[in-house]
Amino acid sequence: MSWNDACKYVRGVAAKHGIDAAKEARREDEGLPMGARIGSLITMQKAPFIRAECNGSLVMMPDDGDTLIRAISRVNLDLSGSLYRYYLHTGDDDSPEKYLQVLQDASGAIAEILYCTQLTRIVPESAEEQDAFMGLSGSGLGDKSYTLWRTQLAELGVDEAELGIIFGERDRIDYRRDAGDPALDFIAPYAGIETRVDDAGGLHGLEQQLYFMPYVRDLNGSLEYLLITTAIVKSRDGDASRRAIHVDFMIGIPLEPERILIQ
């Protein structure tokens, strides 16, 4: 059974045979990289975050409560391998999203892990803004660079002391596109479907269309990613009437697998 069919399948079982049958259905979070499951406890070493913070990274240090995997998603994009997100916070309650993004290569080995925290979320209101954040007009999401301005972060509530650490004397942070030929002014963003399950049985979750592009900058020998994702929610808990669109700006830093314990 495909991941995309999980919610529909479990709902069908529950409707025919009652909630006990749904409980007996196989878990929809099995066979994932690093043995992750919904409800798993996760421990991450602090050293990569301290180093990133000292280098002026925008990533948020994990809180003491960021120890539980609350939801898991499979992101089907046009790339080799498999992409998963292990959510520590889903953002559904207006708290910032936080997740581990795990990329498996075609052979099943872990190719990359990013710890990602939400910088901001916006809602593109006009058709032109939506097209730009989906890269549909040959510009916007997919451009060869993206700039964050000091004034933008100040408007988001970042205090002046932290802005000084992040920017120094500069007024901007420039990221380069981390995909395609760097000489090209534009390449179309990745497009695909994210299917998120919020419980082991797959009764709750969402499905959304994604337009996605990673940007990156160097931080004294390490990397910081700016992941820009336009999400069009197609259904939530099986309800296709709950549609919405938003754009997430996520800051990510790489983590080595040996610095993460999932149990």
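Colleague: Quick one to start: does Ser235 count as buried or exposed?
Modeller: Ser235 counts as buried, because its relative accessibility is 17%. Buried here means under 20% relative accessible area, exposed means over 50%, and partly exposed is what falls in between, with a 1.4 Å probe and protein chains only. Please keep in mind that this is a predicted model, in which local features need pLDDT of at least 70 and side-chain atom pairs count only at pLDDT 80 or more, while totals for chains, interfaces and linings use all residues. Residues are numbered from 1 along each chain as its sequence is written, and side-chain values use heavy atoms, with hydrogens and water left out.

Colleague: Where does Ser235 lie, and what is it in contact with?
Modeller: Ser235 lies in strand 10, which covers residues 222-236; helices (H or I, at least four residues) and strands (E, at least two) are DSSP runs numbered from the N terminus. If we leave aside neighbours within four places in sequence, Ser235 is in contact (heavy atoms within 4.5 Å) with Gly205, Leu206, Glu207 and Ala240.

Colleague: Changing topic, how many salt bridges does the structure hold?
Modeller: The structure holds 16 salt bridges, where a salt bridge is a side-chain nitrogen of Lys or Arg within 4 Å of a carboxyl oxygen of Asp or Glu. One of them joins the side chains of Lys98 and Asp63, at 3.2 Å from N to O. This pair links distant parts of the chain, 35 residues apart, with Lys98 in strand 4 (residues 98-104) and Asp63 in the loop between helix 3 (47-54) and strand 2 (71-77).

Colleague: And how accessible are Lys98 and Asp63?
Modeller: Lys98 has a relative accessible area of 5% and is therefore buried, whereas Asp63 counts as partly exposed because its relative accessibility is 45%.

Colleague: Which residues are linked in a network of salt bridges?
Modeller: The network links Asp92, Arg196, Asp198 and Arg236. Within it, the side chains of Asp92 and Arg196 meet at 2.6 Å, N to O, and this pair links parts of the chain that are 104 residues apart, with Asp92 in the loop between strand 3 (82-89) and strand 4, and Arg196 in strand 8 (residues 190-197). Arg196 also meets Asp198 in a salt bridge, at 2.7 Å from N to O.

Colleague: Which of those count as buried or partly exposed?
Modeller: Arg196 counts as buried, since its relative accessibility is 3%. Asp92 is partly exposed at 41%, and Asp198 is partly exposed at 23%.

Colleague: Now helix 6: which residues are buried there, and why are they on the same side?
Modeller: In helix 6 (residues 160-167), the buried residues are Leu163, Ile166 and Phe167. They sit on the same side of helix 6 because they cover an arc of only 75 degrees around the axis, the arc being that of the directions from the helix axis to the C-beta atoms. On the other side of helix 6, Ala161 and Ile165 are exposed.

Colleague: What covers the buried residues, and what comes just after helix 6?
Modeller: The cover includes strand 6 (145-149), helix 5 (150-155) and strand 7 (172-177). Just after helix 6, Gly168 takes a positive phi of about 65 degrees.
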